[in-house]
Amino acid sequence: MDLDRIRLVVREKLDRGELPPEKCVITWFGPGSGQRCVVCDRAIRPSEIECECEHPRGGLMRFHQACFAAWDEARQDMAPA
């Protein structure tokens, strides 16, 4: 999935409330574990960087590195100035 498509999916999921706008409490990066990315719904392979995000509402979200960056940028753009 290209970066423009990732950004579009992130914005759609934020608008529908499928992704939270709040910042992660704790974030870890490491090799993919085969879990599904919350943005693109593809498995995060061991050869890819996985970001695990502990969310303030509870729960753990997993992202590809590029998907996490797109979500983090989009959620910050949504924040009131």
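Guide: Strands here are DSSP runs of E with at least two residues, helices are runs of H or I with at least four, and both are numbered from the N terminus. This is a predicted model, where local features need pLDDT of at least 70 and side-chain atom pairs count only at pLDDT 80 or more, while totals for chains, interfaces and linings use all residues. Residues are numbered from 1 along each chain as its sequence is written, and side-chain values use heavy atoms, leaving out hydrogens and water.

Cys-53 sits opposite Met-61 of strand 3.

Now step back along the chain. The loop between strand 1 (26–31) and strand 2 (49–54) holds Asp-41, which has a positive phi of about 65° despite not being a glycine. Further back, Gly-17 follows helix 1, and its phi is positive too, near 80°.

In helix 1, Ile-6, Val-9, Val-10, Lys-13 and Leu-14 are buried (under 20% relative accessible area; exposed is over 50%, partly exposed in between, with a 1.4 Å probe and protein chains only). Down the axis, those buried residues fall within an arc of 130°, so they line one face of the helix; the arc is taken over directions from the helix axis to the C-beta atoms. Exposed Asp-4 and Asp-15 are on the face turned away from that buried side.

Conventions: Two strands pair if DSSP finds at least two bridges between them.
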